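Let's take a walk through the aromatic rings of a protein.

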Amino acid sequence: MIKHDKPGNPRVTVRPVVTYRDMSKFIDVPWHIYANDPMWVPPLRLERRFHFSRYNPFFKHGEWQAWVAFQDDRPVGRISAQIDSLHQERYGTDSGHFGLMECIDNSEVFAALILNAEAWLVSRKIRRISGPFNLSINQECGILVDGFDTPPVIMMPHSARWYDRLLAEQEYHPVKDLLAYRVRVDFEIPRVMQMLINRFSSKITIRTIQRNKFDEEMETLRDIFNDAWSENWGFIPFTQEEFAELGSSLRLLVSDEFIQIAEVNGKPAAFMVGLPNLNEVLAKLNGSLFPFGWLKIIKSIRNHEIRSGRIPLMGVRKQFHNTPIGLALACLVIDAPRQTTIARGIQEVEMSWILEDNMAMRSILDAIGSEQHKRYRIYQKIL
């Protein structure tokens with residue numbers, strides 16, 4: 001526990017998360033930070049409790065520590081530090097991360113938090129720290145730096161406006177920007193895209209996931225994703241356990257039409273996963289499933305009451321990158337579920353996130369009339 005006193009300011013105390021009760025306070029911090037922010041969507045406390053537990057498959061290859069900052073025993077911030085062995089295998093054993101960053105607009109409080117995270121990492125021989133990752137790049141990551149006027153979609157973060165400044169004060173520098181695009185589902189397919197689709201229609205077959213082979217299908221998606229993204233900035237492969245956990249959520253919440261697989265000459269080559277934007281419902285639950293939260297979620301999905309969605313996962317095998325057939329594959333998996341999506345009442349979809357330098361994907365999104373409406377940022381510091 002580290003205390004920071006400054007004349008005229010309330011005492012700042014940073015305490016490590018050790019007990020079940022500590023974790024409750026850690027989970028509750030955002031409710032204090034965003035109490036007056038109408039764009040923030042409270043997460044489900046039960047889901048957060050699971051995410052930070054030993055049951056999260058991330059902890060099979062990662063370790064972490066979390067802290068909560070207090071001023072006169074009032075929670076005013078939190079942070080985590082983590083080390084991911086899969087990241088170190090690809091990027092060096094001196095790399096580590098921070099994440100789950102929330103803080104009031106107070107430089108002293110933030111400095112106390114980040115210094116604890118840095119000290120924990122340095123004690124483990126870490127010299128390069130990047131983030132925020134919650135807890136890895138395959139989960140929520142980045143802080144919002146543009147697009148504060150709309151709420152986040154499902155599994156995307158929201159941030160306070162002052163985080164960029166607080167990080168800069170601690171000598172953190174931007175290293176990569178991630179973009180979110182939104183597009184109306186009833187977009188008109190550009191002529192050039194339709195020509196590509198027609199050109200390769202004899203070679204490409206589009207199908208939905210086969211639910212009677214769900215586990216096998218999820219492994220196919222994982223294999224495509226890990227191949228498709230393998231040369232992207234910051235890439236960490238999904239483990240079998242991590243993708244299986246994701247599959248459990250998809251099996252429950254997503255109909256078959258929202259998972260599209262493209263095959264070239266009968267072999268899976270590309271895929272896309274769409275999600276209904278459950279944040280439309282979660283915004284009304286204040287983090288609790290009880291007593292009727294589950295019923296509200298199920299009712300909203302079954303009655304087609306959700307009006308927006310998100311495409312969080314998409315990939316085209318590396319062998320097709322920068323080729324005409326690769327472009328056709330991307331166009332087809334984006335286009336395939338549109339009529340079903342419209343029939344279910346969804347009017348617009350967010351494509352997120354997209355690396356700022358992924359110009360091939362951004363050109364497709366521009367062609368179908370997408371609008372870039374949020375920007376997230378990853379930071380780095382040499383310790």
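What follows looks at ring pairs, a ring cluster and charges over rings.

A word on the ground rules: this is a predicted model, where local features need pLDDT of at least 70, side-chain atom pairs count only at pLDDT 80 or more, and totals for chains, interfaces and linings use all residues. Residues are numbered from 1 along each chain as its sequence is written, and side-chain values use heavy atoms, with hydrogens and water left out.

Rings of Phe, Tyr and Trp (its six-membered ring) pair up if their centres lie within 6.5 Å; planes under 30 degrees apart make a pair stacked, over 60 edge-to-face, and the rest are tilted. That rule gives 14 aromatic pairs. Take phenylalanine 50 and tyrosine 55: their ring centres are 6.4 Å apart and their planes sit at 5°, so they're stacked. How open are they? Buried means under 20% relative accessible area, exposed over 50%, and partly exposed in between (1.4 Å probe, protein chains only). Phenylalanine 50, at 36%, is partly exposed, while tyrosine 55 reaches 52% and counts as exposed.

Tryptophan 162 is partly exposed at 24%, but tyrosine 163 is buried, at 1%.

Rings can gather in groups, too: Phe26, Phe52, Phe58, Phe59 and Trp64 make up one aromatic cluster.

Last come the charges. One sits over a ring if NZ of Lys or CZ of Arg is within 6 Å of the ring centre and within 35 degrees of the ring normal. Arginine 49 does this over tyrosine 20, 3.7 Å from the ring centre, and arginine 338 has its charged end over the ring of phenylalanine 187, 4.0 Å from its centre.
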